[in-house]
Amino acid sequence: QVQLVESGGGLVQAGGSRRLSCAASGTIFSIYRMAWYRQAPGKQRELAAAILNGDTNYADSVKGRFTISRDITKNAVYLQMNRLKPEDSAVYFCNAQVYLASSSVPGDYWGQGTQVTVSS
């Protein structure tokens, strides 16, 4: 029905930048909310940033360093990550709440994740 494909992960030195991209495809009527979550080894998955109707919210740990943006025409969401720290190392997952043409409530969809590793 809906597929989310992330890209942009990789290895980066501390203090550097990285931009993640996520594109949604499938039988999409509209997308309600898009977000980036992350999960470090041995830790629970946590919200990094989310965007809904142009409003954004961020985890305290990334405020001022990360910026989430969205291209509605492309069903895409981006995460610009600046001043990266080793503790930002994690698998980053794209999440979207999507209305299908026949649905009255949005479904919750996840990408496969992209690894970001920040070396010290």
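1. Ground rules. In this predicted model, local features need pLDDT of at least 70 and side-chain atom pairs count only at pLDDT 80 or more, while totals for chains, interfaces and linings use all residues. Residues are numbered from 1 along each chain as its sequence is written, and side-chain values use heavy atoms, with hydrogens and water left out.

2. Strand β9 itself. Strands here are DSSP runs (E, at least two residues), numbered from the N terminus, while helices would be H or I runs of at least four residues. Is β9 enclosed or open? Of its 11 residues, 8 are buried, so β9 is largely enclosed by the rest of the structure. Buried means under 20% relative accessible area, exposed means over 50%, and partly exposed is in between (1.4 Å probe, protein chains only).

3. Who pairs with β9. Two strands pair if DSSP finds at least two bridges between them. With β4, the pairing is antiparallel over 10 bridges, and R33 has Q97 of β9 as its bridge partner. With β10 (residues 107-110), β9 is again antiparallel, over 4 bridges; here A96 is partnered by Y109. β9 and β10 make a hairpin, with 6 residues between them. Finally, β11 pairs with β9 in the antiparallel sense over 3 bridges, and V91 finds its bridge partner in Q115 of β11.

4. The disulfide. The structure holds 1 disulfide, counted as a pair of cysteine sulfur atoms within 2.5 Å. C22 and C94 are the two partners, with S to S at 2.1 Å. C22 sits in strand β3 (residues 18-26) and C94 in β9 (residues 90-100), so to speak distant parts of the chain, 72 residues apart. The torsion about the S-S bond is about -80°, so this disulfide is left-handed. Both cysteines, C22 and C94, are buried.

5. Aromatic pairs. How many aromatic pairs does a search of the whole structure find? There are 2. Rings of Phe, Tyr and Trp (its six-membered ring) pair if their centres lie within 6.5 Å; planes under 30 degrees apart count as stacked, over 60 as edge-to-face and the rest as tilted. One of the pairs is Y32 with Y99: the ring centres are 6.4 Å apart and the planes are at 85°, so the pair is edge-to-face. Y32 belongs to β4 (residues 28-39) and Y99 to β9, so the pair ties together parts 67 residues apart in sequence. Y32 is partly exposed at 36% relative accessibility, and Y99 is partly exposed too, at 23%.

6. R45 over two rings. A charge sits over a ring if NZ of Lys or CZ of Arg is within 6 Å of the ring centre and within 35 degrees of the ring normal. R45 lies over the face of F93, 3.7 Å from the ring centre. The charged end of R45 also sits over the ring of W110, at 4.8 Å from its centre.

7. T114. This residue is in β11 (residues 114-119) and counts as buried at 12% relative accessibility. Its contacts (heavy atoms within 4.5 Å) include G8, G9, L20 and Y92. A polar atom of the T114 side chain lies 3.2 Å from the backbone nitrogen of G9.

How values were computed. A polar contact is a pair of N or O atoms within 3.5 Å; within protein, one must be able to donate a hydrogen and the other to accept it, and residues adjacent in sequence count only if both atoms are side-chain atoms. Lists of a residue's contacts leave out its neighbours within four places in sequence.
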